[in-house]
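Trainee: Could we go through this model together, with the cut-offs stated as we meet them?

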Amino acid sequence: QKATVRNITNFGVFAELEDGVEGLIHISDLSWNKIKHPSEVVTPGDVIDVQILDFDESNHKLSLGRKQLVANPWDEVEKKFAVGSTVEGTVASTNDRGAAITVEGLDADVEAFAFTRELVKEDGKQAVVGDTLSFKVIELRRSNRRVLLSHLRTYAEAREKAVAAEVEGTKKAVKKINSNVEKTTLGDIDALAALKDKLENA
């Protein structure tokens, strides 16, 4: 459905479908990307594709949508940056809570962020602006279009697995030693019993 943009307000756009038939495209239905004002994506006189979302018959109000006609870019983000995957990123800026991370291939409208505790490097130092590191994707927040990352978990989990393997190896070694000791003890008892019988029958 084609519509012509007639008026732009802070909360949305009034667009005319045909003579006398006008609908409102709320700012949240204009674009999948975050916009502060409708004028960022349309101007009066633009002819745009729209979808009818709702019709309030009692108030003769028509709700239109524009973003619904294109795929949500976030769907691609979820495919490309799945939770658990590892990506390379550069610390772009820091604040009290953590750091914004620049990741190649990530839409500019999607924020990649790592909390301070997730920015500790293997040598114990904190990552600083300009550092390019590997990051593990730990959470995807569709509601505020945010990808949460962790550098800490790229090496901490591997370290934990190594320690667990070492502990398991130690357990097996101790078990083997105990088993050998037990066998030796039983062998000694058998030998003593045989010696006793021999002495008694002598």
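Mentor: Let us begin with terms: buried means under 20% relative accessible area, exposed over 50%, and partly exposed in between, with a 1.4 Å probe and protein chains only. A salt bridge is a side-chain nitrogen of Lys or Arg within 4 Å of a carboxyl oxygen of Asp or Glu. This is a predicted model, in which local features need pLDDT of at least 70 and side-chain atom pairs count only at pLDDT 80 or more, while totals for chains, interfaces and linings use all residues. Residues are numbered from 1 along each chain as its sequence is written, and side-chain values use heavy atoms, with hydrogens and water left out.

Trainee: Which side chain of opposite charge is nearest to aspartate 29?

Mentor: Aspartate 29 lies in the loop between β3 (21–26) and β4 (47–49), where strands are DSSP runs (E, at least two residues) numbered from the N terminus. Aspartate 29 is buried yet has no salt bridge. Counting Lys and Arg as positive and Asp and Glu as negative, with His and the chain ends not counted, the nearest side chain of opposite charge is 4.4 Å away and belongs to lysine 67.

Trainee: With which side chain does the side chain of aspartate 29 make a polar contact?

Mentor: A polar contact is a pair of N or O atoms within 3.5 Å; within protein, one must be able to donate a hydrogen and the other to accept it, and residues adjacent in sequence count only if both atoms are side-chain atoms. At 2.8 Å, the partner of the aspartate 29 side chain is that of glutamine 68.

Trainee: How many residues apart are aspartate 49 and lysine 2?

Mentor: Their side chains meet in a salt bridge (3.0 Å, N to O). The pair links distant parts of the chain, with aspartate 49 in strand β4 and lysine 2 in strand β1 (residues 2–8), and the separation is 47 residues.

Trainee: Is glutamate 16 buried or exposed?

Mentor: The side chains of glutamate 16 and arginine 6 meet in a salt bridge (2.8 Å, N to O). Arginine 6 is partly exposed at 46% relative accessibility. Glutamate 16, by contrast, has a relative accessible area of 19% and therefore counts as buried.

Trainee: What is the bridge partner of arginine 141 in β11?

Mentor: The side chain of arginine 141 meets that of glutamate 139 in a salt bridge (2.9 Å, N to O). Strands β10 (residues 132–141) and β11 (residues 146–150) pair in the antiparallel sense over five bridges, pairing requiring at least two bridges found by DSSP. In β11, the bridge partner of arginine 141 is arginine 146.

Terms used: Helix = DSSP H or I, 4+ residues; strand = E, 2+ residues; numbered from the N terminus.
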